[in-house]
Amino acid sequence: TDLSGLPAVTCEEYAALQRDISFILVSAGILVLLLSVFWLRSFKLALLVFVPMGLGLLFSTALTALFIDHLTMLASGFTAILFGMGVDYGIYVLSRLAEEYQFSHGDYERAKYLALTSTGKAIIFTASTLLFSVIFFAFASFKFQAEMAILLGFLLIANMVGALAVL
């Protein structure tokens, strides 16, 4: 059976979103990687940024599937934005780690300790303030706002834990 009217438009929009989301994520990933290489001046460190972010996205996706079931088309379109936000804490920790490693004359354990003690509180504070500022949208009657608040909340927590524990 062929669809017409609003159901046909909805199906076409959903199919276009499915096609485009892969392109958007790959493009965003490549751009974030290139910017990370430029900023951190190391391809290996830039790849390390993706470890907590990848774990954060995996964790967020699992929790989203568990609690939300599926995202609206509008919320799905913001995946690249969340992808970009996901590298924030990793870049912050790795930047400090690289600086402390240089100042510690190659003592990795000391550099890691100094980097995490100087960034840990700031990352926890930043994640908490962001989480508290968006969490109330989870109770919004507009489904897009509620989904984005839940997804962003999951991602913020997962990326914070990932950056502090994995790196």
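Is A146 buried or exposed in this predicted model? With a relative accessibility of 12%, A146 counts as buried, where buried means under 20% relative accessible area, exposed means over 50% and partly exposed is what falls in between (1.4 Å probe, protein chains only). A146 sits in helix α7; helices here are DSSP runs (H or I, at least four residues), as strands are (E, at least two), and they are numbered from the N terminus. Leaving aside neighbours within four places in sequence, A146 touches F137, A138 and A140, contact being heavy atoms within 4.5 Å. The C-alpha atom of A146 is also 8.6 Å from that of I135, eleven residues away along the chain.

A word on the ground rules. The model is predicted, so local features need pLDDT of at least 70 and side-chain atom pairs count only at pLDDT 80 or more, while totals for chains, interfaces and linings use all residues. Residues are numbered from 1 along each chain as its sequence is written, and side-chain values use heavy atoms, with hydrogens and water left out.

Helix α7 also holds N159, which is buried with a relative accessible area of 3%. Its contacts, again leaving aside neighbours within four places in sequence, are P52, M53, G56, M85, G86 and Y89. The C-alpha atoms of N159 and V87 are 7.7 Å apart, although 72 residues separate the two along the chain.

Next come the helix pairs. Helix α1 (residues 6-40) packs against helix α5 (residues 88-103) at an angle of about 20°, with the axes 11 Å apart. Axes are lines fitted to C-alpha atoms, for helices over the stretch in contact, and angles run from 0 to 180 degrees between N-to-C directions. S36, W39 and L40 of α1 meet I91, L94 and S95 of α5. These contact residues split into four nonpolar, two polar and no charged, with Ala, Val, Leu, Ile, Met, Phe, Trp, Tyr, Cys and Pro counted as nonpolar, Asp, Glu, Lys and Arg as charged, and the others, Gly among them, as polar.

Helix α5 has another partner in helix α6 (residues 108-134), packed at about 155° with the axes 8 Å apart. α5 and α6 are therefore roughly antiparallel to each other. On the α5 and α6 contact, the residues divide into 14 nonpolar, three polar and three charged.

The loop between α5 and α6 contains S104 and H105. S104 is buried, at 13% relative accessible area, and, beyond its neighbours within four places in sequence, is in contact with R110, A111 and L114. H105 is exposed at 76% relative accessibility, and has a positive phi of about 55° despite not being a glycine.

Finally, the cores. In soluble globular proteins, nonpolar side chains tend to be buried together. The largest nonpolar core here has ten residues, namely Y89, V93, I123, A127, L131, V134, L152, L156, M160 and A163; such a core is a set of buried Ala, Val, Leu, Ile, Met, Phe, Trp, Tyr and Cys residues joined through side-chain atoms within 4.5 Å. α5, α6 and α7 (143-165) each supply at least two residues of this core. Another core lies apart from it, with nine residues, including V32, V87, L94 and L97.

Note on methods: Angles under 35 degrees count as roughly parallel, over 145 as roughly antiparallel, 65 to 115 as roughly perpendicular and the rest as oblique.
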